[in-house]
Amino acid sequence: MAARKRASTDSSAQTKPKETTTRPKPKEPPLTDPPIAPPKSGVILKLTLFFSIPYFYLIFYHCKIEHELRKSILINAALSLAGFFVTVKMIPVASRYVLRRNLFGYDINKKGTPQGTVEVPESLGIVVGIVFLVLGILFQYFNFTADSNWLVEYNAALASICFMVLLGFVDDVLDVPWRVKLLLPSIAALPLLMAYAGHTTIIIPKPLIPYVGLEVLDLGWMYKLYMGLLAVFCTNSINIHAGLNGLEVGQTVVIASAILIHNIMQIGASADSEYKMAHAFSLYLVQPLLATSLALFSYNWYPSSAFVGDTYTYFAGMTMAVAGILGHFSETLLIFFVPQVLNFLLSLPQLAGIVPCPRHRLSRFDPGTGLLTGTNDGTLVNFFLRRFGRMTEKSICICLLVFQAIACCFCFVLRFFLAGWYK
């Protein structure tokens, strides 16, 4: 979380429009000297090795995937890998531009220390969003034909994500109020909702069939309303579960990894071609999201040298919502989002105005010890600090990401035990 500093407005220039004043240009860093610290390659290497083992095991050994589909998945993975390196290279370049326009912030959780006075570039999620969209467009050349049934929905998904990146960047620049922020995902989801031509039915859980009298229920327009609400929740839940270096990107990396594994397992377990394509569609969106997010994570992990801004949180939430909606596993997606659901429930009294809500609902930092103390604000970060005691920012972030991973693993275990009984 950053307290953004903006350039001040010259009132004399407004009262005398004909006068021109020459302002000294901000001193730009030398081209050979990046304005931010280098990426934390060691952390990314460890994470990549950790995620690659189950990924390649499922792709090449455990799951039976047709040759053409596996080829498409690997092409998408190769493009995503290229996107990772492009993002790593582009973030320092973009940092120069955002610093030049006074889009920077100070790390509030380091206030009172030398690191708390460093100008950290803001809104660098725009780099991830642009690279992701370029990868998504390029992938169409390798996978979709002009008469592909999935091409319309794929482009609609990219349009919604692009819309969300734009609105997120507008939020970073204009700092719109919360009541407006809640509406932004609804606007961004319109291209997807209008182009959606899939089914609008839900499968009734087997224990409830005797009471409902139906095995399949067609919700009609209510299903699209549900899709829109899911997009709003996923987008804003990532945005409010924040306040620590690496937390926003870290939770996205964990959830995206779980979605990726879930898609591969469902592709390998099903014989229905349409069902496989739905999960492949979701996978084509999640792989570049994961790769570009890891690149941003290398700069955003503690101590952060780049702030992601609302641009990234909106982009990541919308991408995962689109992947879950068009992959037809929205229930599983919500279980992946259990920590975000808990954070939302804890935040609800303040968000609803029942309890006073400060601008930054952060924990309290002690510069003498370097530890964070939980406050009474309703966030999962503060709840963990009150429950488990004072911690460093890095330690509490690791605890929250481990909790996120446990929630995702719980979802897989739950699906395993309920398979055949629940649906």
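Select S257: leaving out residues up to four places away in sequence, S257 touches F51 and L290, where contact means heavy atoms within 4.5 Å. This is a predicted model, in which local features need pLDDT of at least 70 and side-chain atom pairs count only at pLDDT 80 or more, while totals for chains, interfaces and linings use all residues. Residues are numbered from 1 along each chain as its sequence is written, and side-chain values use heavy atoms, with hydrogens and water left out.

Now show helix 11, residues 247-269, which holds S257; helices are DSSP runs of H or I with at least four residues, numbered from the N terminus. S257 has a relative accessible area of 6%, so S257 is buried (under 20%; exposed is over 50%, partly exposed in between, with a 1.4 Å probe and protein chains only).

Next, select I264, F337 and I396, which touch the most other members of the largest nonpolar core, a set of 108 residues. Helix 12 (residues 273-300) gives the largest share of this core, 15 residues. Such a core joins buried Ala, Val, Leu, Ile, Met, Phe, Trp, Tyr and Cys residues through side-chain atoms within 4.5 Å. Around F337, neighbours within four places in sequence aside, the contacts are F233, C234, S237, I238, I255 and M320.

Last, go to M194 in helix 8. Why does M194 count as exposed? Because its relative accessibility is 64%.

Methods
Helices (H or I, at least four residues) and strands (E, at least two) are DSSP runs, numbered from the N terminus.
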